[in-house]
Amino acid sequence: MIRAVLTAVCLASLLFCSTGARSNGRNKKPKQVVPVIECDVRAGKINLPEFIAKCPAHCKETKQQVYGSGVFASISSICNAAIHNGVITNAGGKVIVRKMAGQNIYKGTNSNGVRSLSLPKWRESFVVSVGKPKKGVIYPSTLDYVPPRPTYVKTGKKESKAPVATTVMPATTPEITTTTPEPTTKTTTTLASTTTTTTTTPPTTTKPRAAVHKIRDAGSSHPYFSSVAAHTGSSLRRQEAGSIIRRQPASSPVSAFNRVQQAPPERTQQVGQSNLTVPRREWPPSSVAHSDWTPGPRRPGVGDASTYSTVHSDISHTAPDSGYTWSEAETPEIAARDPRPDISEYERWYYTYGGQYPPRSTDTDVTRKVPLEPTFTKVKPVDALKPEVNPYDPGFSMREQDLAPRAPEPASQGDPNCKVDIAFLMDGSWSIGKRRFKIQKDFLAEVAQVINVGIAGPMMGIIQYGDDPVTEMSLKAFSNSRDVKTAVDKITQKGGLSNVGKALGYINKHYFSDVNGNRGSAPNVAVVLVDGWPTDKVEEASRLARESGINIFFVTIEGPDDNEKQNVAEASFVDKAVCRTNGFFSLPVTSWFALRKAVQPLVKRVCDIDRLVCSKTCLNAADIAFIIDGSSSVGTGNFRTVLQFVANVSREFEISDTDTRIGAVQYTYEQRLEFAFGQHNNKADVLNAIKHINYWSGGTSTGAAITYTAEQLFSKSKPNKRKIMIVITDGRSYDDVRAPALAVHRQGVIAYSIGIAWAAQDELEYIATDPDKDHSFFVDEFDSLYKYVPKIIHNICQEFNSQPRN
């Protein structure tokens with residue numbers, strides 16, 4: 001009986017324990033550990049394709065740089081990129097980072113208080129998203145950072161002889177155990193039953209190497225390459241005695257460990273003994289290419305003294321690298337007969353490009369040496385320059401191998417008297433034909449020479465249009481005329497119709513932008529070259545472009561005659577498109593062969609900045625004076641509402657000393673100049689000045705305030721500015737407003753009146769410019785003022801754009 005009871009108790013206990021274990025196992029979920037990063041951590045510094053991280057607070061104040069919008073270059077700060085994208089706020093938070101391929105253009109924008117910069121190209125990109133992993137996804141709890149730059153100790157004097165290295169190679173390569181004591185002149189490495197002892201003069205470093213030594217060797221048995229060849233497996237041969245490493249052209253950057261081959265016998269060099277090898281190291285990946293012949297300290301490889309001596313002597317006399325890469329497999333030699341087998345590859349390259357062959361020499365390849373500049377005899381470790389590098393990239397192309405390297409030509413300053421941003425719309429339609437397309441390219445190349453392109457003068461870009469417009473050259477692409485001319489020669493014809501209207505819409509919306517090099521301070525000019533006539537309508541696109549401040553010129557080659565005008569999509573298309581119809585902006589050319597004669601007249605016109613009147617728009621060409629009622633009937637709260645209305649109107653304009661300027665007067669019985677035209681030359685300062693206007697309180701003398709404003713502000717207005725006055729009042733004036741209003745109207749001032757609550761309608765109409773319905777407004781309460789901001793801006797711009805175009 002007792003045994004049965006004990007058995008039942010044991011079974012119940014086992015059942016309970018197993019049920020509890022299953023329950024615990026079912027409920028237990030892996031916990032996501034989120035590593036914390038600093039504000040300055042950049043995505044390129046983390047060796048993970050996708051990870052989660054937590055940003056601290058107040059990263060916006062660190063002003064760490066961000067490049068791009070939506071998709072960011074990997075040199076961007078992760079946290080500030082997340083703030084810019086709206087993933088987190090300045091209070092910090094979790095963010096998921098996913099890396100992707102690099103892009104050619106990263107557009108800069110201002111978002112969420114973070115200004116991102118534009119970048120033409122970068123090797124790696126990343127995107128950010130909210131830090132909430134998907135169900136079942138666990139990201140790494142620690143971040144793998146790119147190894148830091150190693151530290152090297154330089155000795156004060158040169159070594160007079162090569163270090164002695166003794167190496168005994170084992171049959172196999174088991175686990176490696178390394179012991180590194182305090183910096184001494186001796187380092188002991190134990191590799192199974194093998195002992196390697198190296199004695200050197202400079203002290204050793206205890207930091208692990210971040211990258212491999214890359215030797216630009218054009219004909220030597222270097223210990224490093226021989227060691228690589230010995231440990232790459234059965235796919236490669238070990239270097240025999242007297243063999244050298246030979247460069248072959250390679251089309252793709254494969255691993256250096258698979259790019260060693262033996263040179264042909266006729267180019268061999270006698271070496272005392274074959275190179276010995278050391279175990280292969282696993283080097284971290286790198287991505288940035290750079291020149292690896294930069295002067296710097298040389299580190300000896302592992303080999304015997306005679307080998308190192310031979311290598312040292314060989315490198316001191318090698319020819320400069322011609323941009324070849326190490327070949328993956330043995331490449332068969334060309335079967336053609338070599339007329340001069342006694343010269344080096346470098347000499348052959350040099351004499352091919354114009355040099356004279358020297359007399360044949362009886363010397364062998366071993367005894368003959370090519371003199372070099374000293375800058376090509378130095379070897380520096382790749383990792384001493386930058387941690388993110390590609391140690392296997394050749395660094396420069398064959399074009400760079402001049403005997404006397406030339407410094408790059410500095411950017412041209414250009415003609416300062418012709419500082420314009422000019423875009424040429426070239427006709428690429430099929431109707432033009434290849435011959436006339438070539439004439440058009442010659443015309444643009446000559447214009448580039450005459451106009452003198454430069455960063456302080458004109459900047460030139462090109463759009464080719466057919467069915468659709470295509471940017472051939474942005475405004476910032478080239479900063480001198482020679483480079484522009486070279487780029488023009490490479491343009492190929494796209495074909496299609498002559499859709500000029502679509503091309504004008506393209507330059508208005510996309511081309512004249514910061515990312516394309518629009519400087520803002522220079523007038524925007526568009527020169528349209530058209531063969532015959534457009535195949536679409538241009539009027540609406542041209543109007544929008546003019547209102548955006550673009551000065552449109554038309555160069556019409558072989559325009560339609562009287563019999564052809566019936567085929568034109570839009571009659572008088574030139575007058576509907578150009579900035580003004582006075583003939584200054586249109587240039588008809590009778591024949592393609594006469595196009596060259598139009599170069600000088602066109603350049604003279606586009607450089608006449610004073611006549612580029614379309615550069616001025618309704619938003620950048622006005623002096624605006626606000627006359628603000630500060631009487632007792634307004635009250636403190638309503639006065640702040642009025643100031644907010646003034647700020648909202650001002651915010652819509654482009655404010656600077658050369659663009660729109662804002663001034664303000666507050667009045668009661670008396671008048672007070674709050675700030676004058678030009679006193680604040682940017683939008684932020686103007687808005688701040690409006691915010692700090694103090695409420696005055698008193699009576700209402702609107703007529704006296706208008707007279708005071710004419711004397712204090714409009715008398716100092718610039719002659720090329722449109723003078724605009726906006727009066728805001730909440731009651732009837734104690735004095736007459738008709739005479740002062742008529743006086744300012746005669747001075748060319750455009751007056752707007754805004755009445756609130758108890759304002760007199762007849763006085764508002766006296767103050768306003770005719771027609772009253774477009775310049776006089778009335779609201780029942782102060783809180784409704786904001787509704788009239790768009791209406792006022794629209795009327796100001798509509799009036800500006802309705803000016804005669806002749």
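This is a predicted model: local features need pLDDT of at least 70, side-chain atom pairs count only at pLDDT 80 or more; totals for chains, interfaces and linings use all residues.
A disulfide is here taken to be a pair of cysteine sulfur atoms within 2.5 Å.

One of the disulfides joins Cys55 to Cys79, with an S to S distance of 2.2 Å. The torsion about the S-S bond of Cys55 and Cys79 is about -95°, so this disulfide is left-handed. Because Cys55 belongs to strand β1 (residues 50-55) and Cys79 to helix α2 (residues 78-85), the pair ties together parts that are 24 residues apart in sequence. Cys55 and Cys79 are both buried.

A further disulfide joins Cys418 to Cys607, with an S to S distance of 1.9 Å, and with -70° about the S-S bond the link is left-handed. Cys418 lies in the loop between α5 (345-352) and β12 (421-427), whereas Cys607 lies in the loop between α11 (599-606) and β18 (622-629), so that parts 189 residues apart in sequence are tied together by the pair. Cys418 has a relative accessible area of 0% and is therefore buried, and Cys607, at 18% relative accessibility, likewise counts as buried, since buried means under 20% relative accessible area.

Cys618 and Cys797 also form a disulfide, in which the sulfur atoms are 2.0 Å apart. For this pair, the torsion about the S-S bond is about 75°, so the disulfide is right-handed. Distant parts of the chain are linked in this way, with Cys618 in the loop between α11 and β18 and Cys797 in helix α18 (residues 789-801), 179 residues apart. Cys618 is buried, with a relative accessible area of 8%, and Cys797 is buried, with a relative accessible area of 14%.

The packing of two helices was also examined. The axes of helix α14 (residues 702-712) and helix α15 (residues 738-746) come within 8 Å and cross at roughly 25°; because angles under 35 degrees count as roughly parallel, α14 and α15 are roughly parallel to each other. In this contact, Gly703, Ile706, Thr707 and Ala710 of α14 meet Pro740, Ala741 and Val744 of α15, and by class the contact has 5 nonpolar, 2 polar and no charged residues.

Elsewhere, Lys509 is found in helix α8 (residues 500-511) and, at 67% relative accessibility, counts as exposed. Although Lys509 and Leu544 are 35 residues apart in sequence, their C-alpha atoms are 9.5 Å apart in space.

Note on methods: Residues are numbered from 1 along each chain as its sequence is written. Side-chain values use heavy atoms; hydrogens and water are left out. Axes are lines fitted to C-alpha atoms, for helices over the stretch in contact, and angles run from 0 to 180 degrees between N-to-C directions. Helices (H or I, at least four residues) and strands (E, at least two) are DSSP runs, numbered from the N terminus. Angles under 35 degrees count as roughly parallel, over 145 as roughly antiparallel, 65 to 115 as roughly perpendicular and the rest as oblique. Contact means heavy atoms within 4.5 Å. Ala, Val, Leu, Ile, Met, Phe, Trp, Tyr, Cys and Pro count as nonpolar, Asp, Glu, Lys and Arg as charged, and the others, Gly among them, as polar. Buried means under 20% relative accessible area, exposed over 50%, partly exposed in between (1.4 Å probe, protein chains only).
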